[in-house]
Amino acid sequence: MSGDPWIWIGAVLTLMIFSFLYKDNPFYKFGEHLFVGVANGYYIVYYWHNALKPNLFEPLSAGQFLYVVPLLLGLLYFTRFIPRISWLVRIPIGFTIGWGAGLSIPAYFQADVLRQLEGTVVTPATFSNTLHGIYAVIILIGVACTLIYFYFSREHKGVLGSASKLGIMFIMIGFGASFGYTVMARVSLLIGRIQFLLGPWLGLID
Amino acid sequence: MKRRLPLAICFIMGLVMIVQFFIPHPTSLAFSSVIYKWIIVLMAFALVLAIGNLIRHHGEKIRRRKEDWPYSIVTLAGMVAMAAIGLTWGIASDSLYQKIFLNVMAPLGGTMFALLAYYMASAAYRAFRARSLEATLLLVSAFIVMIGFMPFGQYLHPRFPAFAEWIMTVPNMASQRGILLGVAFGSIATALKIILGIERSWLGGKD
């Protein structure tokens, strides 16, 4: 058994969370509330050291007074607590939302539209390896049929109906695969925790 | 004024960021970098607001002695302690802050997500029924991927893991790509609606 107090803390907290498998109990609630508190404390420190200090206070103390602008914009968030001028909170929100929306249009177009279409298009070069060529054709059919399934401007009848039915089959295979993959990721986390309890804590395995 | 000014700021910022993307000049890149730093600062201020709300919520719970109020003390004490430790002694790799992260936060977070393995499996057992062709496809593909990614899979059949990999890279890829394209078009349309002031729900309130 480990003599390291940190290992003991980790093991006891792990068991506290696992106790929820029996039923909701005070040990689980303690672990859950501690997690929320510590995670918030973690992000306070993280944002101080990685956001506010290098991007606001250091430039300001170096005489870059342009950074007064984000300081003032940031302070406007707190006008939310003063009913008479609470509408001013919309200014930093509008600034951030406008920035995000503007940035996302070309970013989505480049990464999620052009790149994905580029990967889907079948050219004669795709058939340099026959098997890969066949797979590429299956992917092309799958992408087209999936998109047709989500096309609601026309009734799904005839060719559109058949393509839509094929699309839902691809979607179901995709959902099943994603589900299986997610379960396996969670199972690997579970194995990790069990390994921690049996290894570093109890010393039963190497 | 109360609505027009924020809408104008949103429109200008959106337009500037779109135009900036197509001008790879050093001045344009420097401008983008400065704005990005400002946004990081604004997000930090938003976090301060969120922390304030958390303190208010749990403080109120403790003050009124509501149900489970002692756990609110645990939340607030954990937050204050972690913040004080990180702000006082720093965040170096051998600091107390990192030790707490590794031995308190990581085990708690990891175990919570590990619990989901059990709940997902039990929910799947109750919900997954091969009632139609589509449901059967979902069930079979989930089963093949789960078994294929386990060492046990290759004992069932040596080509099982390769088949699971094929499902992930061909039919799964096709459907995910289709969905991704749909999401991208939807997101672009929503972003345009926000910039042009058609979508205004973010303004909240009436006046």
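This is a predicted model: local features need pLDDT of at least 70, side-chain atom pairs count only at pLDDT 80 or more; totals for chains, interfaces and linings use all residues.
Trainee: Let us begin with α5 of chain B. How many residues does helix α5 of chain B have, and how far does it reach?

Mentor: Helix α5 of chain B covers residues 133–148, which is 16 residues. From its first C-alpha to its last it reaches 22 Å. That is close to the 22 Å expected at 1.5 Å a residue.

Trainee: Which residues of α5(B) are buried?

Mentor: The general idea comes first. An α-helix has 3.6 residues a turn, so residues three or four places apart point the same way. Now the case here. The buried residues in α5(B) are B:Leu138, B:Ser141, B:Ala142, B:Ile144, B:Val145, B:Ile147 and B:Gly148.

Trainee: What covers the buried residues of α5(B)?

Mentor: The cover includes α6 (158–201) of chain A. It also includes α6 (153–156) and α7 (160–169) of chain B.

Trainee: Take α7(B). At what angle do α5(B) and α7(B) pack, and how far apart are their axes?

Mentor: Two packed helices are described by the angle between their axes and the distance between the axes. For α5(B) and α7(B), the angle is about 125° and the axes are 8 Å apart. That makes α5(B) oblique to α7(B). The crossing of α5(B) past α7(B) is left-handed.

Trainee: Which residues meet in that pair, α5(B) and α7(B)?

Mentor: From α5(B) come B:Ser141, B:Ile144, B:Val145, B:Ile147 and B:Gly148. From α7(B) come B:Phe160, B:Pro161, B:Phe163, B:Ala164, B:Ile167 and B:Met168. By class, this contact of α5(B) with α7(B) has 9 nonpolar, 2 polar and no charged residues.

Trainee: And α7(B) with α8(B): at what angle do they pack?

Mentor: Helix α8 of chain B spans residues 171–195. α7(B) and α8(B) pack at about 20°, with axes 3 Å apart. The two helices are therefore roughly parallel to each other. On the α7(B) side the contact uses B:Trp166, B:Ile167, B:Met168 and B:Thr169. On the α8(B) side it uses B:Pro171, B:Asn172 and B:Met173. The residues of this contact divide into 5 nonpolar, 2 polar and no charged.

Trainee: Now the backbone. What is the phi of B:Arg65?

Mentor: Most residues other than glycine have a negative phi, and most peptide bonds are trans. B:Arg65 is not a glycine, yet its phi is positive, about 50°. B:Arg65 lies in the loop between α2 (26–63) and α3 (69–89) of chain B. B:Arg65 is exposed, with a relative accessible area of 52%.

Trainee: What about the phi of B:Asp68?

Mentor: B:Asp68 has a positive phi of about 60°, and it is not a glycine either. B:Asp68 lies in the loop between α2 and α3 of chain B. B:Asp68 is partly exposed, at 26% relative accessible area.

Trainee: Turn to chain A. Is A:Thr79 buried or exposed?

Mentor: A:Thr79 is buried, with a relative accessible area of 7%. A:Thr79 lies in the loop between α3 (68–76) and α4 (90–120) of chain A. Beyond neighbours within four places in sequence, A:Thr79 is in contact with A:Ile85, A:Ser86, A:Leu88 and A:Val89. A:Thr79 and A:Arg90 are 11 residues apart in sequence and 9.6 Å apart in space, C-alpha to C-alpha.

Trainee: Last one. Where is A:Ser164 found?

Mentor: A:Ser164 is found in helix α6 of chain A. A:Ser164 is buried, because its relative accessible area is 7% and the cut-off for buried is under 20%. Leaving aside neighbours within four places in sequence, A:Ser164 is in contact with A:Ile148, A:Tyr149 and A:His156.

Conventions: Residues are numbered from 1 along each chain as its sequence is written. Chains are lettered from A and ligands numbered from 1 in the order in which they are written. Side-chain values use heavy atoms; hydrogens and water are left out. Helices (H or I, at least four residues) and strands (E, at least two) are DSSP runs, numbered from the N terminus. The expected span of a helix is 1.5 Å times one less than its number of residues. Buried means under 20% relative accessible area, exposed over 50%, partly exposed in between (1.4 Å probe, protein chains only). Contact means heavy atoms within 4.5 Å. Axes are lines fitted to C-alpha atoms, for helices over the stretch in contact, and angles run from 0 to 180 degrees between N-to-C directions. Angles under 35 degrees count as roughly parallel, over 145 as roughly antiparallel, 65 to 115 as roughly perpendicular and the rest as oblique. A crossing is left-handed if the near helix is turned anticlockwise from the far one by less than a right angle, and right-handed if clockwise. Ala, Val, Leu, Ile, Met, Phe, Trp, Tyr, Cys and Pro count as nonpolar, Asp, Glu, Lys and Arg as charged, and the others, Gly among them, as polar.
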